[in-house]
Amino acid sequence: MSASLNRCVKLLASTLLPLTLVSTALAQKPLQTLLVGVDHRTVTSLNGPWHYLVDQSPGRALYNDKGEINDNSYALNTHPNIVGPHNLEYDFATAPTLNVPGDWNTQDPKLFNYEGVLWYQRDFDFQPKAGTRTFLHIGAANYRSHVWVNGKRICDHEGGYTPFDCEATTVLHPGSNFVVVAVDATRLVDGIPSVGIDWMNYGGITRDVSLITVPRAFIDDYDVHLEHGATWQAGNITLTGYVHVLDAPAGTAVTVSIPEAGVKTTLKTDAEGNAPFTVKAARLSLWSPETPKLYKVELASGEDKLTDDIGFRDIRVDGTRILLNGKAIFLQGANMHAEAPVRSGRAITDQDVATIYSYLKEMNANFVRLCHYPHDERMTRASDKNGTMVWSEIPNWQHISFQKPEVYAKDVFMLKEMIRRDRNKASVILWSVSNETPNNPTRTKFLTDLANEARSLDPTRPITSAIIGPKIIDHKMDGNDPLTAALDVVGQNEYIGWYEMTPEDADLIQWSFPNKPVIMSEFGAEAKQGNHGANNQRWTEEQQVYVIEHQFTMMKKIPQLRGMTPWVLMDFRSPTRNIPKLQDGFNRKGLIAEDGKKKAAFTLFQKTYKDHSVGKAE
Ligand code: GCU
């Protein structure tokens, strides 16, 4: 952290003004402790009721008067019941509980609009095993987290939508232990996303928590994929990738087996614990939406073994086409926030996921843009199983502090977390590095570098971003956004007929894009479900359909249109949407209302996608 920034944070924290703290770039634990395949390991779940205590924003118990993390307040979980310094008057044992995982906003009406610090605590029994290590895994906690076990801080994390693992080996003891987690949902000017977002900043431990015990040297990362550019068309199927064994000496044996594909290979780790491999598969059916075939991939090294379910497919750009397994495809789907159908709140249960995919299937979708951040891993697992292709994105949403190197470092970290968790998910076909960011040289360099970072992390998937603009003058685009030069697939957002111009204007617009595939990544209009009227009457279902139909007319004239995702599958909570009786805190561009009732626009997409009447694969 730069000295000036440090001073700034200290000043703010010492005054403890309820301001959005300038980012305190946390000392992020090194990424190598991010375990891949956690949902396929035998874990001890810590899901369930946790005691909680509300702090403030900034937290009086979390930050000391110098703005640093206070390890000597609630983290110690003592039961003082004494009158004393402000941050020693607490008692978790008699405090109320919240369910983990779950946002706090929809669990307690008093917390609905709360965006500050909240402390969680629970006890758990544990019996350490000799020769093993144990990590505390948190699927996501929004936005900054600090984790103590038995009063010792074991990690800090920034980012509300990606998993992290905290090694607890040395602080655990036999019998009863306790964990305390402070989650600070305060939005930060230098956060990712920053402060001005168009969605609900649900706070809390919003995804699964578990304890994972592994051998001293264990498989923490792996990548098993169809060799990019392979000659698989001729049935000569080559798989490639690596297995990483953490803290293993060079020469450690690793085996990769895929019995159903006739694959078994034994490898040796290098000095960094990496065991790269390339192996032929005797037989293998490729993953696709029509045949979402997954294989049991067995990885083993020493005493560690785990089995993942992995699909194999090839995704690439060829001129203005997107090829899946060598065949041109058209991506027809919808955008969606991680909002739980009907109950709202963060979507986290198997039921939430099943409902969401039932909507997508009903509308004949083969694609979903999980905006604007990585969703619960259940979503990408379900996509692998049901064949829905995925656009996955980190929340560089609109105004990010692109001028700050520490923000770039945080972005790279978050990108690595997203790619690491889902790189073995065949359904994820695009990594997106941003959404609707302002077109200026600082941002273009930042995102170009980030796109190249994504390519170096994962050369097997195209990189995209959703762009807003450029200006449209006399129904023509005024040039191209320079960021498109850094993308393999261009995402274009537009709201012609809703935010600007008239629906009829859309018929006249001529888009001009670089010679790349284009996905109309956002378009649509708002309507309150059940509100009916003329097609020029805003907020009616009829007008929403009318706007979209004219946008379709426009889209049909884009020769390299290779995908479309209307904004948005379901109405979602957004505190900035405050037109009484029409929005009431919801963004109403959904095809489905938050209570699951479908709007006329849903039927329009259902038919359009069935008939494939907009856009062509080539
Ligand atoms: C933008 C943005 C969305 C937002 C939408 C809207 O395109 O990407 O996050 O919700 O427009 O204004 O409804």
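Strand 20 and strand 21 (residues 321–324) run antiparallel and are joined by four bridges; two strands are taken to pair if DSSP finds at least two bridges between them, and strands (E, at least two residues) are DSSP runs numbered from the N terminus. The model is predicted, so that local features need pLDDT of at least 70 and side-chain atom pairs count only at pLDDT 80 or more, whereas totals for chains, interfaces and linings use all residues. Residues are numbered from 1 along each chain as its sequence is written, and side-chain values use heavy atoms, with hydrogens and water left out.

Within this pairing, Ile-315 has Leu-324 of strand 21 as its bridge partner. The hairpin of strand 20 and strand 21 has two residues between the strands, and Gly-319 adopts a positive phi near 65 degrees there. Strand 21 also pairs with strand 22 in the antiparallel sense, over two bridges, and the bridge partner of Leu-323 in strand 22 is Ala-328. Two residues again separate the strands in the hairpin of strand 21 and strand 22, where Asn-325 in the turn has a positive phi of about 55 degrees. The three strands form an open antiparallel sheet in the order 20-21-22. Strand 20 (315–318) and strand 22 (327–328) stand at the edges with a single partner strand each, so one side of each is left without a neighbour in the sheet.

Six bridges join strand 7 to strand 8 (residues 152–158) in an antiparallel arrangement, with Glu-158 in strand 8 as the bridge partner of Arg-144. The hairpin of these strands has two residues between them, and Asn-150 takes a positive phi near 50 degrees. Strand 7 is likewise joined by six bridges to strand 10 (residues 175–184), and the two run antiparallel; Ser-145 has Val-183 of strand 10 as its bridge partner. Six of the six residues of strand 7 are buried, where buried means under 20% relative accessible area (1.4 Å probe, protein chains only). In a regular strand the side chains alternate between the two faces of the sheet. In strand 7, Arg-144, His-146 and Trp-148 point one way, and Ser-145, Val-147 and Val-149 point the other way.

Trp-148 also belongs to a cluster in which ring pairs link Tyr-74, Tyr-90, Phe-92, Trp-119 and Trp-148. Rings of Phe, Tyr and Trp (its six-membered ring) pair if their centres lie within 6.5 Å, and planes over 60 degrees apart count as edge-to-face. The whole structure contains 22 aromatic pairs. One of them, Tyr-90 and Phe-92, is edge-to-face, at 5.8 Å centre to centre with 70 degrees between the planes. Tyr-90 counts as buried because its relative accessibility is 5%, and Phe-92 counts as buried at 0%.

An oxygen atom of the ligand lies 2.6 Å from an N or O atom in the side chain of Asp-198. For the side chain of Asn-435, the corresponding separation from a ligand oxygen atom to an N or O atom is 2.8 Å. A polar side-chain atom of Asn-587 is 2.8 Å from an oxygen atom of the ligand. Taken alone, the ligand exposes 320 Å², and the protein buries 96% of that; accessible areas come from the Shrake-Rupley method with a 1.4 Å probe.

Terms used:
Polar contact = N/O pair within 3.5 Å; in protein donor to acceptor, adjacent residues only side chain to side chain. Buried < 20%, exposed > 50% of the residue type's maximum accessible area, 1.4 Å probe, protein only. Phe/Tyr/Trp six-rings, centres within 6.5 Å; stacked < 30°, edge-to-face > 60°.
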